Amino acid sequence: MTDPCDAAAADTTTRPLTVGEVEALLRAAAPPQLAESWDSNQLICGDPDEPVRNILLAVDPVGVVVDEAMARGADMIITHHPLYLRGTDHVSATDPKGKVVHRLVRAGIALANAHTTLDAAHGGVAAALADRVGLLDTRPLQPNPEDPTQGIGRVGALPAPTRLRDLAAAVAAALPDSAPGLLVGGELDAVVETVAVSGGAGDSLLGTARAAGVDVFLTADLRHHPASEHLEAGRPYLLCGTHWATEWVGLPPLAARLEAAAQARGHRLSTYVSQIVTDPWALRLSTGR
Ligand SMILES: [Zn+2]
């Protein structure tokens, strides 16, 4: 694949990258061939020829993220989630997504996303989550058929055997905080050594994690019945974080990679990773008296 940035590699000025060139850097970091068939990973709105000096990275393309991009003078937003996963027949400002499109176009801010491509990539969401847990000798939980060195989730070993409750405390400390926190399922004092991780909703990977023979599975969005029925059959024990927290961890490495790639090509690019929690939950209260 031709990299549009190559033509500018010899340019010693600090000409800003274009939206199209940033897209090329994004495709290098999160290769399109890693996308799941149902997914959307692309430039959602924006002109490929427009300049980009400042990028805001966030998990969700929602209104508060647009507010932040405008306040920070960003020319482009890169989110993990697509704005329209299933397509739409209108972009009128009569609904929140159409409003996002209108505000971005009016402000001249481009929006692109890297979803399952970033989940699966080297240095992507799954790899970053494995790094936060401190896993060694990692491999994909569900290898990509085209390239088995990349794929959904990661499996690896802890540096030393530890009790589930201590691992959970370390994982909780290693993730960014949001209201629901981290839930733990299993024998709290059991000794564990191998872990599978997958950011975002992990219900569909419970069987894959069990087949991997690991002691613990860290993911998010687990529902009562799948989790309960899974634990009835034993390991892997479950660590259930939030969707936002388990995916946000993939953004700082992506930001660093984009900046480094721009710099290597002689362009100045600044990135900022949004700290706004876009989980739907604002508050957790313990229930009962
Ligand atoms: Zn997600």
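## The zinc site

Donors here are N, O and S atoms within 2.8 Å of the metal (3.2 Å for Na, K and Ca), and because water is not among the atoms, sites may look incomplete. In this predicted model, local features need pLDDT of at least 70 and side-chain atom pairs count only at pLDDT 80 or more, while totals for chains, interfaces and linings use all residues. Residues are numbered from 1 along each chain as its sequence is written, and side-chain values use heavy atoms, leaving out hydrogens and water.

With that settled, let's look at the metal. His81 (NE2), His243 (NE2), Glu247 (OE) and Glu247 (OE) coordinate the zinc ion at 2.1 to 2.3 Å. Along the sequence, the donor residues follow the spacing H-x161-H-x3-E. Histidine 81 lies in the loop between strand E5 (76-79) and helix H3 (96-107), and glutamate 247 in helix H9 (residues 243-248), so the pair links parts of the chain 166 residues apart (helices, H or I, have at least four residues and strands, E, at least two, as DSSP runs numbered from the N terminus).

Buried means under 20% relative accessible area, exposed over 50%, and partly exposed in between (1.4 Å probe, protein chains only).

## The whole chain

The chain comprises 10 helices and 13 strands. Buried residues account for 49% of its 289 residues. Its C-alpha trace spans about 60 × 45 × 30 Å along the principal axes.
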